[in-house]
Amino acid sequence: SNPQHREVHQDMEQPLCHYFIASSHNTYLSGDQLLSQSRADMYARVLQAGCRCVEVDCWDGPDGEPVVHHGYTLTSKILFRDVAETINKYAFIKNEFPVILSIENHCSIQQQKKIAQYLKEIFGDKLDLSSVSAGDPRQLPSPQDLKGKILVKV
């Protein structure tokens, strides 16, 4: 691999919407979308490979614990808490630019509150809670401004 490809040569001071962002779909799946295993370590793998937007499909789980899996299929379920802890551990090892959690929310209000609690507890100060006006995309912060931050997109 070319070491120059690891360096950032672009201007990273523009609004976030000016960039293509390496994204992962069904990040938690180790194989096909119907039968495969859901695994928290898949998040570690894609984050270290340079992905900056990961998908987290959240559903109500037993005992009030939200789970992540591909709904209405036979894929296995993993705890949301384990996914968040894995993302927290691996988000910025290879790359300081922000990580976007693309949360697909199928949870009851009670389990949504649990997800919010885990996001705050696990990510702490890394969690960007600043509100952004949907009106003017030019007002979005830049990747440079958001280094080391976790953003939530629902």
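Which residues are buried in helix 2 (residues 80–90)? In this predicted model, where local features need pLDDT of at least 70, side-chain atom pairs count only at pLDDT 80 or more and totals for chains, interfaces and linings use all residues, they are Phe-80, Val-83, Ala-84, Thr-86 and Ile-87. Residues are numbered from 1 along each chain as its sequence is written, and side-chain values use heavy atoms, with hydrogens and water left out. Buried means under 20% relative accessible area (1.4 Å probe, protein chains only), while helices (H or I, at least four residues) and strands (E, at least two) are DSSP runs numbered from the N terminus.

Seen down the axis of helix 2, the buried residues fall within an arc of 160°, so they line one face of the helix.

Five strands form an open sheet in the order 3-2-1-4-5 with mixed pairing, where two strands pair if DSSP finds at least two bridges between them. Strands 3 and 5 stand at the edges with a single partner strand each, so one side of each is left without a neighbour in the sheet. Strands 1 and 4 pair in the parallel sense over six bridges, and Glu-104 in strand 4 is the bridge partner of Asp-57.

| Strand | Residues |
|---|---|
| Strand 1 | residues 53–59 |
| Strand 3 | residues 78–79 |
| Strand 4 | residues 99–105 |
| Strand 5 | residues 150–153 |

Definitions and conventions. Buried < 20%, exposed > 50% of the residue type's maximum accessible area, 1.4 Å probe, protein only. Arc of directions from axis to C-beta.
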